[in-house]
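Visitor: I am new to this one. Show me the structure, and let me ask how you know what you say about it.

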Amino acid sequence: MSGGHDGPYPDREPVKLSRNRDFTVFWLGQALSVLGGSVSLLARPLLVFDATGDVGQLGLLTAVSGATGILTGTFAGSVVDRTDRRRLMIGCDLLRAVLLCALPLLWAVSPRIWVLYVLTVPVAVLKTLFDVAYVTAVPDLVPPRDLTAANGRLMSTFAFGTLLGPVAAGLITTGADAGWALAVDGATFAVSAFTLRWVRFGRHGDGEPRPAGGGGFRERFLAGFRFLWAQPVLRSLTVLLTLLTFVTMGATDLLIFRVLHDLHRSAATLGYVIAVSGLGAVAAAFTAGRLRRALGFGTCWLGSVALIALAVAVTGVARSVPVVAGAAVVFMFGLTLGGVCSMTLRQEITPEPLLGRVTSAFWTVHNAAGPVGAAVLTLLARRYGVPAVSLAAGALCLLILGAGLLTPLRGSRPGPEGTAPGAVGARPGRGSGIASP
């Protein structure tokens, strides 16, 4: 950690990220949790197909999960900014562990789709609360100069989880059933909760109240939204990402249906395709910092949209599994690169007391189109086929790219000391710096 005002522990000497004990414990605990989440990525669709065999049902379940997350997002930032983040994350992990570990028992009694709907809602609420706290906790664990590197390292765990999780899910499903694969995910949440007990979250010590301003949930949510809207780059990013999420939230469902239904491949093959896609996330996680320094935020983010457009279109028309897997690699590279850049940007220019509300407002707004997109894309795919829908989705991504070239994103590069164009001010006491690995 850095001395002065450069980190959450001002009384300590600067240390390298690799020697930052609190971040390392946090990172390793989340690595295992991400692995479990990647198991669920394949296990949940397999349960839906076992129960219904209908891609439309898969899209609707995705939509329910997304809509629940959006509704939770309207108050999640306020909750995070007013509570002990560590205790909140531990509670969310433990409750998710109980719910997911109960699924195999409920499925054995009644293997019907309604069981998944009933469990999806509370799990989505807990996930949103945890994820907002997770993003806002990172700046309390590392100094500003390490934010991009820390986010890249966290994203790399997501990437490796994407590599290993689907393979593990395929093996578990072959030996037992997909319900037990979800129980494995629940067990990883329990381990995550245990590791969080050993992490200290910077200046706001464990149990210390966090001031978040007055007013009700609506007023506190609007405070985060107003900050987003006052930043030209963040405002443009929020609008464009809202449109992009319409495509990306349903893209995985299209991939799954393409491999299982159109190409008539097994669940094991699907697991390997999703696992290989993790190579793209790994590559993006380790190169995001260098690409952002060399090219700037705008070029990196708009480039990620172009890669997503190409990948979605190719996934829908390719008849070869290796080509589909290659498109999935490109998709994950673009998604991860854009994610690392946008998350780091918000962390760097948002005042610390507002970070939870800004993150919540950002996710709520840009995810609003996701559930609708997932439902629409999968229902259209059921009627017109995956190829036609994927080509249309790729074309929509290109339109988003064209619109982005007309916004401040086009010229957004690191300015003096890394300040983004349009930033009203960097977070007090944390310095600034858009590219600071």
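Guide: This is a predicted model. Start at Asp 140, which has a relative accessible area of 1%.

Visitor: Why is Asp 140 called buried?

Guide: Buried means under 20% relative accessible area. Asp 140 has 1%, so Asp 140 counts as buried.

Visitor: What makes Arg 85 and Asp 140 a salt bridge?

Guide: The nitrogen-to-oxygen distance is 3.5 Å. The rule asks for a side-chain nitrogen of Lys or Arg within 4 Å of a carboxyl oxygen of Asp or Glu. The pair therefore counts as a salt bridge. The two residues lie in distant parts of the chain, 55 residues apart. Arg 85 is in helix α3 (residues 85-109), and Asp 140 is in helix α4 (residues 113-141). Arg 85 is buried too, at 3% relative accessibility.

Visitor: How many salt bridges are there?

Guide: The count is eight. Side chains of opposite charge can pair when their charged atoms come close. Among the eight is Arg 258 with Asp 262, at 3.0 Å from N to O.

Visitor: Why are Arg 258 and Asp 262 about one helical turn apart?

Guide: Because they are four residues apart in helix α8 (residues 232-262). Arg 258 is buried at 2%. Asp 262 has 18%, still under the 20% limit, so Asp 262 is buried as well. Elsewhere, salt bridges that share partners join Arg 21, Asp 22 and Arg 200 into one network.

Visitor: Arg 21 or Asp 22: which is buried, and which is partly exposed?

Guide: Asp 22 is buried, with a relative accessible area of 2%. Arg 21 has 43%.

Visitor: What makes Phe 23 and Trp 27 a stacked pair?

Guide: The structure holds five aromatic pairs. In the pair of Phe 23 and Trp 27, the ring centres are 6.5 Å apart and the planes are at 10 degrees. Centres must lie within 6.5 Å, and planes under 30 degrees apart count as stacked, so the pair is stacked. The two residues are four apart in helix α1 (residues 21-51), about one helical turn.

Visitor: Why is Tyr 384 called exposed?

Guide: Exposed means over 50%. Tyr 384 has 53% relative accessibility, so Tyr 384 counts as exposed. Tyr 384 is in helix α13 (residues 369-384). With Val 372, Val 376 and Leu 380, Tyr 384 forms a nonpolar surface patch of about 350 Å² accessible area together.

Visitor: What is the overall make-up of the chain?

Guide: There are 14 helices and zero strands. Of the 437 residues, 56% count as buried.

Methods:
Residues are numbered from 1 along each chain as its sequence is written. This is a predicted model: local features need pLDDT of at least 70, side-chain atom pairs count only at pLDDT 80 or more; totals for chains, interfaces and linings use all residues. Side-chain values use heavy atoms; hydrogens and water are left out. Patches are made of residues with over 30% relative accessible area and no salt bridge: like charges are joined within 9 Å, nonpolar side chains (Val, Leu, Ile, Met, Phe, Trp, Tyr) within 5 Å. Accessible areas come from the Shrake-Rupley method with a 1.4 Å probe; for residues, only the protein chains shown count as cover. Buried means under 20% relative accessible area, exposed over 50%, partly exposed in between (1.4 Å probe, protein chains only). Rings of Phe, Tyr and Trp (its six-membered ring) pair if their centres lie within 6.5 Å; planes under 30 degrees apart count as stacked, over 60 as edge-to-face and the rest as tilted.
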